[in-house]
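Dear colleague,

Here is the structure I promised to pass on to you.

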Amino acid sequence: MRYGSPNDDDRIPFPQDQSKQVLEAARALGRQVVFVYASNERHYEEVFATIAEHRVGALIVGAFPFTHKIVQLAAHYRIPTIYPRRDYVDAGGLMSYAVGYAEVYRQVGIYTGRILNGEKPADLPVILPTKFDLVINLKTAKALGLDVPPSLLAIADEVIE
């Protein structure tokens with residue numbers, strides 16, 4: 001199901017390639033996916049009301065600029081949520097699985113040095129991230145009444161207690 005439209009107001013859809021991957025994973029797990037769209041805080045209340053109305057069991061937040069409002073609404077509606085960056089988890093979100101930014105910033109420094117030493121940016125190869133960090137907030141999990149499996153805690157890069 002899709003609620004809202006990527007063309008309504010200034011709402012932005014979940015990226016097409018990610019939508020396809022989410023749908024394939026959900027199908028493999030026998031789950032249903034509901035896409036909701038929002039691009040700013042004035043849409044967040046509507047999105048969370050829709051999620052609550054449809055008794056959605058979990059939420060994946062796309063690549064939005066960080067805002068405490070999303071974390072607050074997820075807590076208010078008691079919706080387990082995975083975020084695209086760890087700063088959401090630091091602010092009280094449940095978990096994130098995201099690019100390890102330390103490595104990305106290191107590569108930015110290396111590329112900056114190469115460019116300053118005369119290499120042409122167009123000649124530099126594109127480097128895709130290879131390090132992703134799983135961060136879990138156990139305090140939030142407990143507040144949601146969730147038991148995080150020990151096997152998941154064991155593979156997490158960081159567990160916030």
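The buried residues of helix H3 are Ile 70, Val 71, Leu 73 and Ala 74, where buried means under 20% relative accessible area, as found with a 1.4 Å probe on the protein chains only. Seen down the axis of H3, these residues fall within an arc of 165°, so they line one face of the helix; the arc is that of the directions from the helix axis to the C-beta atoms. An α-helix has 3.6 residues a turn, so residues three or four places apart point the same way. The buried residues of H3 pack against helix H2 (41–53), strand E4 and helix H4 (86–90), and H3 is followed by Arg 78, whose phi is positive, near 55°.

Before going on, please note that this is a predicted model, in which local features need pLDDT of at least 70 and side-chain atom pairs count only at pLDDT 80 or more, while totals for chains, interfaces and linings use all residues. Residues are numbered from 1 along each chain as its sequence is written, and side-chain values use heavy atoms, with hydrogens and water left out.

The chain as a whole has 7 helices and 7 strands, which are DSSP runs numbered from the N terminus, with at least four residues (H or I) for a helix and at least two (E) for a strand. Of its 161 residues, 32% count as buried.

Which residues surround the largest cavity? Its lining is made up of Val 71, Ala 74, Ala 75, Ile 79, Pro 80, Thr 81, Tyr 83, Gly 92, Gly 93, Leu 94, Thr 140 and Leu 144. On a 1 Å grid over the protein atoms alone, a cavity is a set of points where a 1.4 Å probe fits but cannot get out, whereas a pocket is an open set with protein on both sides within 12 Å along at least five of seven lines, and lining residues have an atom within 4 Å of a point. The structure holds 1 cavity of 30 Å³ or more, and the volume of the largest cavity is about 50 Å³, a volume being the space filled by probe spheres set on grid points that are joined across faces, edges and corners. H3 (68–76) and E4 (81–83) each supply at least two residues of this lining, and H3 gives the most, with 3 residues.

Turning to the strands, E4 and strand E5 pair in the parallel sense over 2 bridges, and Tyr 83, one of the residues lining the cavity, stands opposite Ser 96 in E5. Two strands count as paired if DSSP finds at least two bridges between them. E5 (residues 95–99) is mostly covered, with 4 of its 5 residues buried. With strand E6 (residues 132–137), E5 pairs in the antiparallel sense over 5 bridges; here Met 95 stands opposite Ile 136 and Tyr 97 stands opposite Leu 134.

These strands belong to an open sheet of 5 strands in the order E3-E4-E5-E6-E7, with mixed pairing. Strand E3 (59–60) and strand E7 (158–160) stand at its edges, each with a single partner strand, so one side of each is left without a neighbour in the sheet.

Finally, the second largest pocket holds about 190 Å³ of space, and helix H5 (residues 101–116) gives the most to its lining, with 5 residues.

With best wishes

Key: Buried means under 20% relative accessible area, exposed over 50%, partly exposed in between (1.4 Å probe, protein chains only). Contact means heavy atoms within 4.5 Å.
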